[in-house]
Amino acid sequence: VDTWWQTETGGIMITPLPGATPTKPGTATLPFFGILPEVVDDAGKAVPKNTGGKLVIRKPWPGMLRGVWGDPKRFKDVYWSEVKGSYFTGDGCRQDEDGYFWIVGRIDDVLNVAGHRIGTAEVESALVSNHKVAEAAVVGRPDELKGQALVAFVTLKADVKSSPELREELRQHVGKEIGPVAKPDDIRFAEALPKTRSGKIMRRLLKQIAAGAEIKGDTTTLEDFNVLAKLSQAEE
């Protein structure tokens, strides 16, 4: 079950109620009681249903971030200056015809693929909607022709075996769910994805692997170093 929240929000903000809210793979569903999210354009105006935009929270809520220690200007600039009078989450989002919120990724995780803006989370949602996929992470890599290419790291369910045919099936599935331009250029099957001990996928490492670059940066929070080693060996 997908939910949406941030450390800054102090709690879950968009979530299904167990047994009461019908779920759809990849969507956080509906706002929790008293939470007023909205999807807006660059001018801060609400966008039509099924149109991508920026996710903001219109009204205060219990547990919200009250400031950044020693840096009130940063607090104002990061969270309150993008859309006047609203909390700016930094996430891209769309709302479907049922009012469900689909998080399409961080604003800075939206890739420019051949002139089309594609959210990595949207491609991930399309992949995991296939009954053979357990988990997926999508990142970009430099591409001379398209600017950026989509690389998907996919973990399959226990009874499913990887194959070139399945790779193409998943590409076609994404094309059907989103559109041909969103088909991953490369799908790499993995036993597991690199995560922190708190369960967050370390996309920075996946970007380096996808680009064929040397693994750099802090890896002290990595839960299982064997996962990273296997992904790197598979690339070689």
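User: Is Asp 98 buried, partly exposed or exposed?

Analyst: This is a predicted model, in which local features need pLDDT of at least 70 and side-chain atom pairs count only at pLDDT 80 or more, while totals for chains, interfaces and linings use all residues. Residues are numbered from 1 along each chain as its sequence is written, and side-chain values use heavy atoms, with hydrogens and water left out. Buried means under 20% relative accessible area, exposed over 50%, and partly exposed in between (1.4 Å probe, protein chains only). The relative accessibility of Asp 98 is 46%, and the class is therefore partly exposed.

User: Which residue forms a salt bridge with Asp 98?

Analyst: A salt bridge here is a side-chain nitrogen of Lys or Arg within 4 Å of a carboxyl oxygen of Asp or Glu. Asp 98 sits in the loop between strand S5 (87-95) and S6, and its partner lies 74 residues away, in the loop between strand S2 (11-14) and strand S3 (37-40). Helices (H or I, at least four residues) and strands (E, at least two) are DSSP runs, numbered from the N terminus. The closest N and O atoms are 2.6 Å apart, and the partner is Lys 24.

User: Which residues are linked with Lys 24 in a network of salt bridges?

Analyst: Lys 24 is partly exposed, at a relative accessible area of 25%. Its network of salt bridges takes in Asp 96 and Asp 98.

User: How many salt bridges does the rule count?

Analyst: Side chains of opposite charge can pair when their charged atoms come close. One of the bridges is that of Glu 169 with Lys 132, at 3.1 Å from N to O. By this rule the count comes to 16.

User: How many residues apart in sequence are the parts that Glu 169 and Lys 132 tie together?

Analyst: Glu 169 is partly exposed at 31% relative accessibility, and Lys 132 is partly exposed at 24%. Glu 169 belongs to helix H3 (residues 164-177), whereas Lys 132 is in the loop between H2 and strand S9 (133-143), so the parts they tie together are separated in sequence by 37 residues.

User: What distance separates the centres of domain 1 and domain 2?

Analyst: The chain is divided into domain 1 (7-105) and domain 2 (114-234), with bounds from an automatic or database domain assignment. Taken over C-alpha atoms, the separation of the two centres is 25 Å.

User: How many residues does each domain give to the contact?

Analyst: Contact means heavy atoms within 4.5 Å. On the side of domain 1, strand S6 (residues 101-106) gives the most, with three residues. The contact takes from domain 1 six residues and from domain 2 six residues.

User: What area is buried between domain 1 and domain 2?

Analyst: Buried area is the accessible area (1.4 Å probe) that two parts lose on being put together, summed over both. In domain 1, Pro 25, Gly 26 and Val 104 lose the most, together 64% of what that side buries. Carbon and sulfur atoms give 56% of the total, which is about 440 Å².

User: Which side chain meets Glu 122 in a salt bridge?

Analyst: The count between domain 1 and domain 2 is one salt bridge. The pair joins Glu 122 in helix H2 to a residue of strand S5, 28 residues apart. Glu 122 is partly exposed, with a relative accessible area of 25%. Its partner, at 3.7 Å from N to O, is Arg 94.

User: Is Arg 94 buried or exposed?

Analyst: Arg 94 lies in strand S5. With a relative accessible area of 18%, Arg 94 is buried.

User: How many residues of helix H2 are buried?

Analyst: Helix H2 spans residues 120-128 and is mostly covered. Among the buried residues are Thr 120, Ala 121, Val 123 and Leu 127.

User: What value is phi of Thr 29 near?

Analyst: Most residues other than glycine have a negative phi. Thr 29 is found in the loop between S2 and S3 and is buried at 0% relative accessibility. Its phi is positive, near 70 degrees.

User: Where does Ala 114 lie?

Analyst: Ala 114 also has a positive phi, near 50 degrees. At 43% relative accessibility, Ala 114 is partly exposed. Its place is the loop between strand S7 (110-113) and strand S8 (116-119).
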